[in-house]
Structures are given as structure tokens and as C-alpha cells.
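Here are my notes for your reading. Keep the structure open beside them.

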Amino acid sequence: MTIQDELSSTIADLVGPDRGILAADESAPTIEKRFRAIDVESTEDSRREYRSLILSAPGLGEFISGVILFEETLGQTSLEGQPIPELLKSQHIVPGIKVDKGKKPMVNAPGDEITFGLDGLHDRLESYKAQGARFAKWRDVFHISDTLPSRTAVEANAEVLARYAAVCQSCGIVPIVEPEVLMDGHHSLARCAEVSEEVLREVFNALARHRIQLEHMILKPSMVTPGKDNPHAAPSEVADATLTIFKRVVPAAVPGIFFLSGGQTPEEATANLNALNSHGPQPWALSFSYGRALQEPAQKAWAGKLENREAAQEALLKRARLNSGARSGKYQA
Ligand code: 13P
């Protein structure tokens, strides 16, 4: 297969109807935080047990087209001894990999952060590909205040995101481009819309500058919502505000917009996706690439005990099924 054929077939496998992506790529500090909430110690064994059991939930591939893994998981075997990428393939799920190296405060831009990980990226992608990964993820974050994010942070983060996407496509790996505008704070819906529009505009400028094939990428943005410390907006308001700016700045050539959940409750994230898909046909598929909103109930049900395996799998399948329904506006709370 040529690189172009690889990219096209991965897009076709990821962006079909009724399915979305499961983000199970929490970094070591993040999974430790999630496990602490259920009183479980994060060790290589506990992470393997948990991830192996959710990824082997029977029939997961009916609702999930791709799973984003953390590097450690890509090289692990399931509890049954099967390499995790093989397990996913047997579920008709495409294995993917988080490739950024996390964010750090940005020098000379107080309050902003910038994502690292471009050094050695080409070689890492080649070895992830040899292990079975067909798509990748890189996450930028943008903080909102009256003055943040600075222009410097918007431009610099857009530039690294585009450079990452270019390297991915050159290796036949589909890039998930994730500019996350954080929910933290007490900003209004209108302020989130303003920042999201500025960020997305800059990201697509950078993608054009680096000649990214828009047909062979997936956008993973946050929805336009008020800050977490404000009352939450109704799903119809979130959908209206989100679609208004996305129509302005996201080219129709992008095949899919797969939203992150970013601190929304599982129920909210499903209701908001449902509202987004209740506005008639759009140029892009509108789907989910949720971490917390898919996994939180499963983590609670598991609680670090293997005997809770079936309950944890059921909890994951339930959220996956409901979000699958929300892809066509069929979800009922
Ligand atoms: P959340 O849905 O929990 O925001 O996670 C998605 C993700 O992959 C963030 O990078």
C-alpha cells in the first residue's frame, strides 16, 4: 500500500457512521489521578489490568472505531496474553497512539503553556507503526482568562501542531489534531467562542502553511461552553455556539470532528453531541473522542477488583452505545 492508500483506509475505518474514538491514553500522572479517585494504586500491573479489561469488552467495536493508547499500553499484552494492538484489531478497532510529550509553561508568556514532543518524532512514529499504530494524537492546551491565551501562545502552539501533523502524514499515520480550549475558569460562553474561533483559525492557517492534507486528518476540539465555574449551558446553546464558529473556520475537506469531553460529565457530553447532530447534515462527521466521559463509570465499577470485570465492561459499553446514538441525534437521556 502507498502512504496515500494507508491514510485513506485509516480515515475510512475511523470515520464511518455510528462510531467514535475511545481516548485511553492518559499519561502516568493523569491515570494516577483517575485511579486515586477510586482508591487504586497506579502500577504497571493495575494499569494493564484495567486497560486490558475495558478494551476486551465484548462487542466494543460496534460503537468504537479507534482507541488512542499511551505508549506503555501499545507494548503490553492483555490479561489473556494477546498483544493489545492485536486485541483491538480482533474487535475491528484501529489502534492509535498519543505522541506528544506533554505541556510545560511557555517561556515569556505567563499563564500560557506549550506542548513538547517534536524531537525524534519521525523515528518514534516508525516504531509505533511497526507495533500496529495507524493514527496518532497530539494535544495543545489553551487557557482562557480576560487576557489569555496570548497571541504568542496561539501562534506557537498552532505551529507545533501543524509540524506534528506533517510528520505523521509523511509516515502514513493519520494525525488527530487536538487544540483544547480548557473549560477551567468562570468565562462566558461568548468568551469561549471568541477564543475557540481565534485558536481554530490559527491552527488551520498553520496546517495550510505546512501543506497538510485536510482529507487525511481528524480534528479533536473542545465544544464551545461557558467556564466550569459558571452555570452550564443547555445542549442546544452549546451546539449553536459550536456550529457557528466551526462553520466559519473548519474547511469542509476535514472528514471528521471528534470532540473531547474535557471535564463535562458523561451525560452532558452525550447530550451535547446529540444536540450537535440534531441540526441537520454538516460537511463533517461530528463524533466523539472521549476519555473521561466514556471511562468514568467503568473505572468506578472496576474499583481495582478483577471480579468487577463484567460490570466495568458493561458500564463502558453503555456510554459507548449512548454516544453512538448521539452521532445521529438519537440519544434520549
Ligand atoms: P477527555 O475526553 O477526558 O477530555 O479526554 C480526551 C483526550 O484525549 C484529551 O487529550
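**Notes on a strand, a helix and a ligand shell**

1. S6 and S7 run parallel and are joined by eight bridges. Strands pair if DSSP finds at least two bridges between them. Helices (H or I, at least four residues) and strands (E, at least two) are DSSP runs, numbered from the N terminus. Lys-137 stands opposite Ile-176 in S7.

2. This is a predicted model: local features need pLDDT of at least 70, side-chain atom pairs count only at pLDDT 80 or more, and totals for chains, interfaces and linings use all residues. Residues are numbered from 1 along each chain as its sequence is written.

3. S7 also pairs with S8 (residues 218–219), again in the parallel sense, over two bridges. Here Val-177 has Leu-219 of S8 as its bridge partner. S7, H8 and S8 form a right-handed β-α-β unit. Right-handed means that, with the strands pointing away from the viewer, the path from the first strand over the helix to the second runs clockwise.

4. Seven of the eight residues of S7 are buried, so the strand is largely enclosed by the rest of the structure. Buried means 20 or more other C-beta atoms, placed from the backbone, within 10 Å of the residue's own.

5. Buried residues in H8 include Cys-192, Val-199 and Phe-204. After H8 comes Arg-211, with a positive phi near 55°.

6. Which residues surround the ligand? Among them are Arg-139, Glu-178 and Tyr-290.

Technical notes
Near = placed C-beta within 6 Å. Buried ≥ 20, exposed ≤ 12 C-beta atoms within 10 Å, placed from the backbone.
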